Amino acid sequence: MPRSISVLGAGSWGTALAIQAARNGCDTLLWGHNPQHVSALNKAGKNQRYLAGCPFPASLTVTDNLQQCVQFSPLLLLSIPSHAFKSTLQQIKPFLDDQPRIAWATKGFDNDKGSLLSEVVVEILGDHVLTAALSGPTFAKEVADGLPTAITVASTSQTFASQVAAILHNHRFRAYTSSDIIGVQVGGACKNVMAIAAGIADGLGLGANTRAALVTRGLTEIMRLGTQLGGQPDTFMGLAGLGDLILTCTDDQSRNRRFGLALGQGKGREQALQEINQSVEGISAAREAYLLAQKHNVEMPITEQVYNVLFNNLPPIQAVQNLLAREQKPEI
Ligand SMILES: NC(=O)C1=CN([C@@H]2O[C@H](COP(=O)(O)OP(=O)(O)OC[C@H]3O[C@@H](n4cnc5c(N)ncnc54)[C@H](OP(=O)(O)O)[C@@H]3O)[C@@H](O)[C@H]2O)C=CC1
Ligand SMILES: O=C(CO)COP(=O)(O)O
């Protein structure tokens with residue numbers, strides 16, 4: 001496979017992944033949907049809006065032309081928010097060749113049907129497409145700054161997983177492979193809901209014990225849903241599970257955690273979103289995970305409380321009380 005990649009989505013994560021691939025000797029084209037933003041990126045040689053202070057390597061260029069981007073490389077990496085995932089696939093479909101290779105770093109579910117993004121790819125493009133999902137504890141800024149990071153690339157094709165991983169892997173960025181594309185996607189989508197929960201608890205000033213309890217019990221319910229959907233238990237103990245859960249529940253670089261913090265401090269949903277002014281994937285993920293849990297009869301009490309705070313105006317402190325009022329039971 002040629003050493004080239006097209007990255008779709010010029011936000012913080014798409015830009016960081018494009019920088020990483022380009023640094024790794026890959027010809028890289030980054031697509032952004034906003035022509036003014038793309039022109040500013042090309043002019044400045046960096047993404048001031050989303051990744052200030054991280055200059056582009058020479059082998060990275062930016063375009064607003066989707067057809068050009070799709071035809072630039074046989075490997076496409078989507079890093080757009082989940083709400084735009086399906087519509088972007090519909091837009092690229094006419095430009096694809098007969099053996100598309102699609103990877104994505106988006107963390108979330110389909111915002112209409114709650115499907116996994118791998119199911120959306122099959123629905124829109126067919127089941128002949130080679131697919132891979134990237135997930136793990138990876139703040140964009142730290143990757144762009146070249147700080148050591150590890151990620152999981154999951155595909156049902158070991159060969160494709162290795163090809164995608166090789167484009168990104170280097171001495172500062174370890175790209176592991178996995179065959180569990182379901183578990184990796186569920187871990188990445190659901191940890192954002194737990195980061196909102198942990199943020200709410202910290203915003204309410206509930207302390208370190210509460211946070212650790214939420215992370216641990218959060219992992220339990222993510223595993224319940226993930227294994228019910230076909231994921232492997234071990235995946236949830238790995239980078240795309242526990243690794244990313246710890247990262248986003250405990251560090252204020254996480255937008256989901258900061259959103260929860262704001263809610264816990266008494267701010268409204270719209271004010272919190274405005275202050276963050278970037279993707280907060282845990283909001284739609286809370287709704288989709290809650291509905292999936294109902295559909296599959298999976299117990300997800302933390303997700304349910306986050307859903308009620310976000311969509312039924314439940315006061316955050318009442319959500320905590322509801323969790324604490326649950327019946328006593330065995331841990332495992
Ligand atoms: N940031 C991170 O550290 C990480 C993020 N992720 C995941 O990556 C995905 C992307 O998030 P991230 O880059 O952080 O988000 P950002 O909020 O940083 O950027 C979002 C980008 O998507 C663009 N966008 C919005 N709507 C559309 C659309 N309809 N079509 C195309 N582009 C659109 C935005 O453009 P505009 O500026 O015009 O709104 C912006 O460029 C999410 O699923 C996130 O969970 C995963 C790992 C790490
Ligand atoms: O997914 C991420 C890190 O792995 C980024 O988390 P936030 O979207 O909460 O900032």
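Student: Why does Tyr50 count as buried?

Tutor: Tyr50 has 21 C-beta neighbours inside 10 Å. The cut-off for buried is 20 or more. Tyr50 reaches that cut-off, so it counts as buried. Keep in mind that this is a predicted model.

Student: Where is Tyr50 found?

Tutor: Tyr50 sits in the loop between helix H2 (35–44) and strand E3 (60–63).

Student: Which residues is Tyr50 in contact with, leaving aside its neighbours within four places in sequence?

Tutor: Gly11, Ser12 and Thr15. Contact here requires C-beta atoms within 7 Å.

Student: What makes Ser12 buried?

Tutor: Ser12 has 22 other C-beta atoms within 10 Å. Buried needs 20 or more, so Ser12 is buried. Its place is in helix H1 (residues 12–23).

Student: Which residues does Ser12 touch, not counting those up to four places away in sequence?

Tutor: Tyr50, Leu51, Ala140 and Gln278.

Student: How do you know that Gly14 counts as buried?

Tutor: Apply the cut-off again. Gly14 has 25 C-beta neighbours inside 10 Å, and 20 or more is enough, so Gly14 counts as buried. Gly14 is in helix H1. With neighbours within four places in sequence left aside, its contacts are Val7, Leu8, Gly9, Leu30 and Ser79.

Student: Why does Ala140 count as buried?

Tutor: Ala140 has 24 C-beta neighbours inside 10 Å. The cut-off is 20 or more, so Ala140 counts as buried. Ala140 lies in helix H6 (residues 140–144). Leaving out neighbours within four places in sequence, Ala140 contacts Ser12, Trp13, Ala16 and Leu51.

Student: What does UniProt say about these residues?

Tutor: An unreviewed UniProt entry gives the feature "binding site" at Ser12, Trp13, His33, Tyr50, Lys107, Ala140, Arg255 and Glu281. The feature "binding site" (unreviewed entry) is also placed at Gly9, Ala10, Gly11, Ser12, Trp13, Gly14, Ala140 and Arg255.

Student: Which residues are the closest to ligand 1?

Tutor: Gly11, Ser12, Trp13, Ala84 and Gln278, out of 27 that surround ligand 1. H1 gives the most to this shell, with three residues. By class, the shell has nine nonpolar, 16 polar and two charged residues.

Student: Where does ligand 1 lie, and why?

Tutor: Domain 1 (4–179) gives residues to the shell, and domain 2 (183–325) does too, so ligand 1 lies between them.

Student: How many residues are around ligand 2?

Tutor: There are 13, and Thr138, Thr248, Ser254, Arg255 and Asn256 come nearest. Helix H8 (181–203), helix H10 (239–250) and helix H11 (255–264) each give two or more residues to this shell. H10 has the largest share, three residues.

Student: Which domains does the shell around ligand 2 draw on?

Tutor: The shell takes at least three residues from domain 1 (4–179) and at least three from domain 2 (183–325). By class, four are nonpolar, five polar and four charged.

Student: What does UniProt list for residues 180–321?

Tutor: An unreviewed entry lists "domain: Glycerol-3-phosphate dehydrogenase NAD-dependent C-terminal". In the model, residues 180–321 are 74% helix and 0% strand. The end C-alpha atoms of that span lie 36 Å apart.

Key. Residues are numbered from 1 along each chain as its sequence is written. Chains are lettered from A and ligands numbered from 1 in the order in which they are written. This is a predicted model: local features need pLDDT of at least 70, side-chain atom pairs count only at pLDDT 80 or more; totals for chains, interfaces and linings use all residues. UniProt positions are given in the numbering used here, feature names are shortened, and annotations may be inferred rather than shown by experiment. Helices (H or I, at least four residues) and strands (E, at least two) are DSSP runs, numbered from the N terminus. A residue is near a molecule or strand if its C-beta atom, placed from the backbone, lies within 6 Å of it. Ala, Val, Leu, Ile, Met, Phe, Trp, Tyr, Cys and Pro count as nonpolar, Asp, Glu, Lys and Arg as charged, and the others, Gly among them, as polar. Domain bounds come from an automatic or database domain assignment. A residue is buried if 20 or more other C-beta atoms lie within 10 Å of its own, exposed if 12 or fewer, and partly exposed in between; C-beta atoms are placed from the backbone. Two residues are in contact if their C-beta atoms, placed from the backbone, lie within 7 Å.
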